Structure formats: structure tokens, C-alpha cells
Amino acid sequence: MVEPAVSGAKNVIIAAAEAKVRRVVFTSSIGAVYMDPSRSIDLVVDESCWSDLEYCKNTKNWYCYGKAVAEQAAWDTAKENGVDLVVVNPVLVLGPLLQPTINASTIHILKYLTGSAKTYANATQAYVHVRDVALAHILVYEKPSASGRYLCAESSLHRGELVEILAKYFPEYPVPTKCSDEKNPRAKPYTFSNQKLKDLGLEFTPVSQCLYETVKSLQEKGHLPVPAKQQEEDSTTVKS
Ligand SMILES: NC(=O)c1ccc[n+]([C@@H]2O[C@H](COP(=O)([O-])OP(=O)(O)OC[C@H]3O[C@@H](n4cnc5c(N)ncnc54)[C@H](OP(=O)(O)O)[C@@H]3O)[C@@H](O)[C@H]2O)c1
């Protein structure tokens, strides 16, 4: 996972330098940014933050480690080759699926609707709509003033808040109502700054709409059966 990410990043930047492209936009991840246990949860995470590589290695978090070293390699190679590089760091990407198969990000939601997750974890996660991620890439590419990194996050939710939203929109599914950890205090979500992208003109889609569209897409693509009651309501809406 790590080696192809690093050499792939370097190769693309070198190829861009050779082709004299005007600007390279690199998709990194929040995984390259926030994974640092020494930072207080009360501090706002912004573009100046980097994940702690030793901590990622010790916890065998190879995704975050790989994204951090690949992004660092991209910055170093861009500097060496005089490439204008801008980086987008998205949090977990949701919204309508383009591809026919499900990926890790959609399984995160699907498991709360199929009955496979009986409880929810005492954990938090930040989300962003895929259209906003696409728009972020276009904005940082087109706006001459864009530079550096751009955190791409709408908001962070505790799993308890996530299941509440899912149950509100889709009450027919067996969405869990109990936390698997009843002993510890509720985990606090990170606060990610999305001000840099807002300053470029990005208006983020609210997370509840993003979750709604994700579930609708899972239904439309046949990954999730449509409950009989919703089918009736949908046909009434179409008729009226
Ligand atoms: N999904 C998220 O929630 C999320 C959040 C933050 C950042 N990101 C970042 O966004 C990017 C896209 O993520 P995704 O979720 O869209 O991933 P994805 O659905 O797994 O797609 C990955 C793409 O990379 C291609 N690929 C994989 N290994 C490759 C290799 N060795 N050489 C060339 N191409 C290779 C795959 O090609 P094939 O289709 O041919 O297999 C596929 O098109 C990644 O850099 C990821 O780290 C994603």
C-alpha cells in the first residue's frame, strides 16, 4: 500500500514537470493530517497539521501512514521539479455512487442499515459529499490564488448522531440504537477547519443531505433492498 502510493505520487509529479503542466492537484486524505495523539481533541485541526508517522507505524495504520508519506513525497518532488502543486485532503467521502461496486466508505453506512451492525461504536467520523470533493478539486485548479493544502470536510459526527440521522430518514431499516461502549464517556469529534475552501467559494452540502443521497444511491444501485413501505410512499409521490 505504501510503496505504490509514494512512487505513484513521485511519478505523476515528474511526468507533470516534463509535460510542463500549469498546476497539479493531488488527492491526499485527512489521514495525512489528523492522526496525532499528542494534539488535544479541543484544538481545531487545520492545514498546518500532519499525522505522526511513528504513531501511525506503531498502530499499524498503514492507510494514514501511506497517505502522509505519499503527500510528503509529492511536496518534495514538486519543489525539486518546480511544479505548482495544490493538495486536497478529504475526510470520509459519501454521496451517490458512480461505480457499480461498494467501497469501504459506503460500507461504513451500509452496515447500519442491513442489520449487520447490532450496535454502534463510541467513535466519531467526519464526512463530506463527493460532489463537494469534486468541486474542491476544480476550485483549487482554477483559482490562481489557491496554494498549499485544503481540508475538505463538512462536519464530524459521533456514531450516535449518524444512526439518529439514518433512522430519521429511513425508519424501516434496522438501524442500531445502542452504543457498544456503555462505560466510557462519549467520544468527542474532531473539529476540522474548512475555512480555506469556503474562502475559495465552496458551499458544503449538509451532512444529513449527504447521508440521505448515499442511502438513496445504495438503493438505486441494488446494494440495499427498498423497504415495502418506502416503495409505496415513492409511488404515491410520483403519482401525485
Ligand atoms: N473514499 C474516501 O472516503 C476517501 C477519503 C479521503 C481521501 N480519499 C482518497 O481519494 C482517492 C480515491 O479514493 P477512492 O475511495 O475513490 O478509491 P477507490 O474507489 O478504491 O479508487 C481507487 C482508484 O485508484 C486506482 N488504483 C489503485 N491502485 C492503483 C495502482 N497501483 N496504480 C494505478 N491505479 C491504481 C484504482 O484503479 P482500478 O479501478 O483499475 O482498480 C481506482 O480507480 C485515494 O487517493 C484516496 O486515498 C478517499
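Gln125 is partly exposed, with a relative accessible area of 23%, where buried stands for under 20% relative accessible area, exposed for over 50%, and partly exposed for the range in between (1.4 Å probe, protein chains only). The model is a predicted one, in which local features need pLDDT of at least 70 and side-chain atom pairs count only at pLDDT 80 or more, while totals for chains, interfaces and linings use all residues. Residues are numbered from 1 along each chain as its sequence is written, and side-chain values use heavy atoms, with hydrogens and water left out.

Gln125 belongs to strand β5, strands being DSSP runs of E with at least two residues and helices DSSP runs of H or I with at least four, both numbered from the N terminus. Although Gln125 and Arg159 are separated by 34 residues in sequence, their C-alpha atoms are 7.4 Å apart in space. Strand β5 covers residues 124–129 and also holds His129, which is buried, with a relative accessible area of 0%. The side chain of His129 makes a polar contact of 2.9 Å with the side chain of Glu213; a polar contact is a pair of N or O atoms within 3.5 Å, of which, within protein, one must be able to donate a hydrogen and the other to accept it, and residues adjacent in sequence count only if both atoms are side-chain atoms. A polar atom of the His129 side chain also lies 2.9 Å from the backbone nitrogen of Arg131.

Arg131 and Glu213 are themselves joined through their side chains by a salt bridge, with an N to O distance of 2.8 Å. This pair links distant parts of the chain, Arg131 being in helix α5 (residues 130–142) and Glu213 in helix α8 (residues 207–220), 82 residues apart. A salt bridge is defined as a side-chain nitrogen of Lys or Arg within 4 Å of a carboxyl oxygen of Asp or Glu, and by this rule the count comes to six salt bridges. Side chains of opposite charge can pair when their charged atoms come close. With a relative accessible area of 47%, Arg131 is partly exposed, whereas Glu213, at 16% relative accessibility, counts as buried.

A further salt bridge is formed by Asp42 and Lys188, whose closest N and O atoms are 2.4 Å apart. Because Asp42 lies in the loop between β1 and β2 (44–45) and Lys188 in the loop between α6 (159–169) and β8 (191–192), the pair ties together parts that are 146 residues apart in sequence. Asp42 is exposed, at a relative accessible area of 54%, and Lys188 is partly exposed, at 49%. In the salt bridge between Arg149 and Glu71, the closest N and O atoms are 2.7 Å apart. Arg149 is located in strand β6 (residues 148–152) and Glu71 in helix α3, so this pair ties together parts that are 78 residues apart in sequence. Both Arg149 and Glu71 are buried.

Oxygen atoms of the ligand lie 2.6 Å from a polar side-chain atom of Tyr63, 2.7 Å from an N or O atom in the side chain of Lys67, and 2.8 Å from a backbone N or O atom of Val93.

Tyr63 is found in helix α3 (residues 62–81) and, at 45% relative accessibility, counts as partly exposed.
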